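I opened this one up to see how the inside is put together. These are my notes, in the order I looked things up.

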Amino acid sequence: MIDWRSLFKLPSGEVADGPADEPYRVFTRAYDLELPGAGITERLSTSNPDKLAWRDYDGTGWREARNLAEHLAEGQASIGDAISTALGSDAAEFAVTLLIDQSGSMKGAPIAAVANATRDFEACLSRAGARTEVLGFSTAGWHGGFAREAWLRGGRPERPGRLCALLHIVYKSADEPEWSPQSQQAMLHPDLLRENVDGEALDWAVERLSSAPARYKLLIMLSDGAPVDDSTLKENGPSYLEWHLCRSIARIEGGNEVTLGALGIGYEVGRYYRHSRAGGDRYSSRGSNEAVREPRGDCPPVHRFEVSYRNYPGG
């Protein structure tokens, strides 16, 4: 997700960062959702309090995304032979989870390209004999959704912790033999693309992957930037989600159960992940200007990019 904080001045009363070792908190989990990809589009209108103007209410955006994905797929080469060669006879001993960042800046070409690549990659892994899972993460509503409304009703306590409702999506579970076409199409829906809490998404994916009956467990994050949820950052400080992401990555990389890798979509994810590769610059929706913010604690610096306000309704 693009770091939007350099784009406009925040209110004078915005909360500053706390200490780098500040414990991560969650104001409420009551409105968090974990839903299957198939049929998720029918839940979008009731899972959040978003205004009608912020929604793809007539389906135009979804149709455009599907058409773009079909166009991009025409020129996409298969990677099946390369995967089969890499895994060899040990393919059945691999469990691979693909975790997709579905933030607002992925709208349009980025999500179309990622959906195509994910579909091809998952199919090739499955044909080779590996166990696969495809997950996505976003938020259930812009600007905190129902979680922020509960905080307002509760008297606005200071430094509430994560102040948004999470949306975690299981597009294909490891127990499903095939990724259904309906679920594949759902990944392209523009109303899924909101804000992103990467650290908790990683923790969720690792918990699911850890139980897989496989010798080798690989988690691959596909992301286009830093974690951002404006509701959380305004009340806890601009680095709150970033620091939690750093701690989650350090915990996973410091263990020996899951191997973590990342692919950056027009973004250098190597500043976060030990095993990483950046690509897809032509599909990125970010601007060309960038600057680096100095890190605090054990967090790496984060790029800031110019981005259209259209990615953040009501901002």
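**Ground rules.** This is a predicted model, where local features need pLDDT of at least 70, side-chain atom pairs count only at pLDDT 80 or more, and totals for chains, interfaces and linings use all residues. Residues are numbered from 1 along each chain as its sequence is written, and side-chain values use heavy atoms, with hydrogens and water left out.

**Cores.** I started with the nonpolar cores, meaning sets of buried Ala, Val, Leu, Ile, Met, Phe, Trp, Tyr and Cys residues joined through side-chain atoms within 4.5 Å. For burial I used relative accessible area: buried is under 20%, exposed is over 50%, and partly exposed is in between (1.4 Å probe, protein chains only). The largest core has 31 residues, and those with the most contacts inside it are Ile40, Ile111, Leu167, Tyr171, Met187 and Leu192. At least two residues of this core come from each of strand 1, strand 2 (94–101), helix 3 (109–128), strand 4 and strand 5 (216–223). Helices (H or I, at least four residues) and strands (E, at least two) are DSSP runs, numbered from the N terminus. Which element gives this core its largest share? I found that helix 3 does, with five residues. Apart from this core lies another, of 27 residues, including Leu135, Ala212, Ile252 and Ala262.

**Isoleucine 40.** I then picked out Ile40, which sits in the loop between strand 1 and helix 1 (60–74). Buried or exposed? Isoleucine 40 counts as buried because its relative accessibility is 1%. Leaving out residues up to four places away in sequence, isoleucine 40 touches Leu35, Leu167, Ile169, Ala186 and Leu192, where contact means heavy atoms within 4.5 Å. I also checked isoleucine 40 against histidine 189: they are 149 residues apart along the chain, yet their C-alpha atoms are separated by 9.6 Å.

**Threonine 132.** Next I went to threonine 132 in strand 3 (residues 131–139). Threonine 132 is buried, since its relative accessible area is 3%. What does its side chain join by polar contact? One partner is glutamate 122, side chain to side chain at 2.7 Å, and the side chain of serine 126 makes a polar contact with threonine 132 at 3.3 Å. A polar contact is a pair of N or O atoms within 3.5 Å; within protein, one must be able to donate a hydrogen and the other to accept it, and residues adjacent in sequence count only if both atoms are side-chain atoms. Beyond four places in sequence, the residues touching threonine 132 are Val96, Glu122, Leu125, Ser126, Lys172, Ser173 and Ala174.

I checked helix lengths against the expected span, which is 1.5 Å times one less than the number of residues. Helix 8 (residues 240–254) has 15 residues and reaches 21 Å from first C-alpha to last, close to the 21 Å expected. How many of the 15 residues in helix 8 are buried? I got eleven, so I noted helix 8 as mostly covered. Among them are Trp243, Cys246 and Ile252.

**Aromatic pairs.** A search of the whole structure gave five. Rings of Phe, Tyr and Trp (its six-membered ring) pair if their centres lie within 6.5 Å; planes under 30 degrees apart count as stacked, over 60 as edge-to-face and the rest as tilted. Tyrosine 31 and phenylalanine 146 form a tilted pair, 5.8 Å centre to centre with 45° between the planes. This pair links distant parts of the chain, 115 residues apart: tyrosine 31 is in the segment before strand 1 (33–36), phenylalanine 146 in helix 4 (residues 145–153). Tyrosine 31 is partly exposed at 28% relative accessible area, and phenylalanine 146 is partly exposed at 26%.

**Cysteines.** I searched the whole structure for disulfides (cysteine sulfur atoms within 2.5 Å) and found zero. Cysteine 164 is buried at 0% relative accessible area, and cysteine 246 is buried at 8%.
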